[in-house]
Amino acid sequence: MISTEFVKVSLELIKKIVARHKEFDREVVLEKAMATFWRYGYEGTSVQTLVENMGINRGSIYDTFGDKRSLFLAAIQHYNEAVVKKLIVALEAPGASKQVIIDRFYNLIDRAVADKDRKGCLLVNTAVEVCPHDADTASQIAADFKRIENAFKKALSRAQEKGELGGDRDVTALARYLTCNLQGLRVISKVNPDPKFLRDIAKVALSALD
């Protein structure tokens, strides 16, 4: 018969093992997962690559995030909070209008030129690679693009209120146009990160605001 003392010691040992198993900051390892998927794509990222880049074992990945797909979706959400939110906050700020929109485009170009890995945008990369055969992910990415569109729309509406944009302009159509061009710049920057090339494109795109 197993003694009570043996059971007690065993339970304590299990608790210590589990505690060690979870000794990591979820947000820190999720940031590393995001960077890995962003650089290599979903299919190009193996679980072993995630283990090596996140610095935790397979068991911890599965226990904390579930399977690879669940971790990928969590990484996209983290990207929204870490990267996309900065764009949205700037566009939705009370004083944001036409100049903020212009600044967002040129700031994006500066970041794209500085990115030696040419990662582009994780949302756009996912739209191209995963969304055609994953309805749930497609729905999530569509919602993310809609958030960006709505942020542009708010800034455009304020530009109209300030007289920076004609009152007869369709801000919904313009917001969609800007969203498309912003994401398009991210794609082009993966192929040709030349700053003059990208600024020429942005200049023409932003002429829609004149």
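## Helix H7 and its packing

The buried residues of H7 pack against helix H2 (26–40), H5, helix H8 (135–161) and H9, where contact stands for heavy atoms within 4.5 Å. Helix H7 covers residues 122–129, and Leu122, Leu123, Val124, Asn125 and Thr126 are buried in it. Buried means under 20% relative accessible area, exposed means over 50%, and partly exposed lies in between (1.4 Å probe, protein chains only). Helices are DSSP runs of H or I with at least four residues, strands are runs of E with at least two, and both are numbered from the N terminus.

## Basis of the model

This is a predicted model, in which local features need pLDDT of at least 70 and side-chain atom pairs count only at pLDDT 80 or more, while totals for chains, interfaces and linings use all residues. Residues are numbered from 1 along each chain as its sequence is written, and side-chain values use heavy atoms, with hydrogens and water left out.

## Nonpolar core

The largest nonpolar core contains 54 residues, and those with the most contacts inside it are Met54, Leu71, Ile101, Phe105, Phe152 and Leu156. Helix H5 (residues 68–92) gives the most to this core, with 10 residues. Such a core is a set of buried Ala, Val, Leu, Ile, Met, Phe, Trp, Tyr and Cys residues joined through side-chain atoms within 4.5 Å.

Not counting residues up to four places away in sequence, Leu71 touches Leu30, Ala33, Phe37, Leu50, Met54, Ile61 and Phe65.

## Thr179 in helix H9

Thr179 lies in helix H9 (residues 171–191) and counts as buried because its relative accessibility is 8%. A polar atom of the Thr179 side chain lies 2.8 Å from the backbone oxygen of Ala175. With neighbours within four places in sequence left aside, Thr179 is in contact with Phe145, Ile148, Glu149 and Phe152.

## Salt bridges

The whole structure has 11 salt bridges, each defined as a side-chain nitrogen of Lys or Arg within 4 Å of a carboxyl oxygen of Asp or Glu. Glu81 pairs with Lys85, the closest N and O atoms being 3.6 Å apart. These two residues are separated by about one helical turn, because they are four residues apart in helix H5. Glu81 is partly exposed at 41% relative accessible area, and Lys85 is partly exposed at 39%.

Lys98 forms a salt bridge with Asp210, with 3.9 Å between the closest N and O atoms. Lys98 lies in helix H6 (residues 98–114) and Asp210 in the segment after H10, so the pair ties together parts that are 112 residues apart in sequence. Asp210 is exposed, with a relative accessible area of 70%. Arg199 and Asp110 also meet through their side chains, at 3.0 Å from N to O. Since Arg199 lies in helix H10 and Asp110 in helix H6, this pair ties together parts that are 89 residues apart in sequence. Arg199 is partly exposed at 36% relative accessibility, as is Asp110 with a relative accessible area of 40%.

## Surface patch

Ile188, Phe197 and Ile201 form a nonpolar surface patch with about 210 Å² of accessible area together. Patches are made of residues with over 30% relative accessible area and no salt bridge; like charges are joined within 9 Å, and nonpolar side chains (Val, Leu, Ile, Met, Phe, Trp, Tyr) within 5 Å. Areas come from the Shrake-Rupley method with a 1.4 Å probe, and for residues only the protein chains shown count as cover. Ile201 lies in helix H10 (residues 195–206) and counts as partly exposed at 30% relative accessibility.

Conventions. A polar contact is a pair of N or O atoms within 3.5 Å; within protein, one must be able to donate a hydrogen and the other to accept it, and residues adjacent in sequence count only if both atoms are side-chain atoms.
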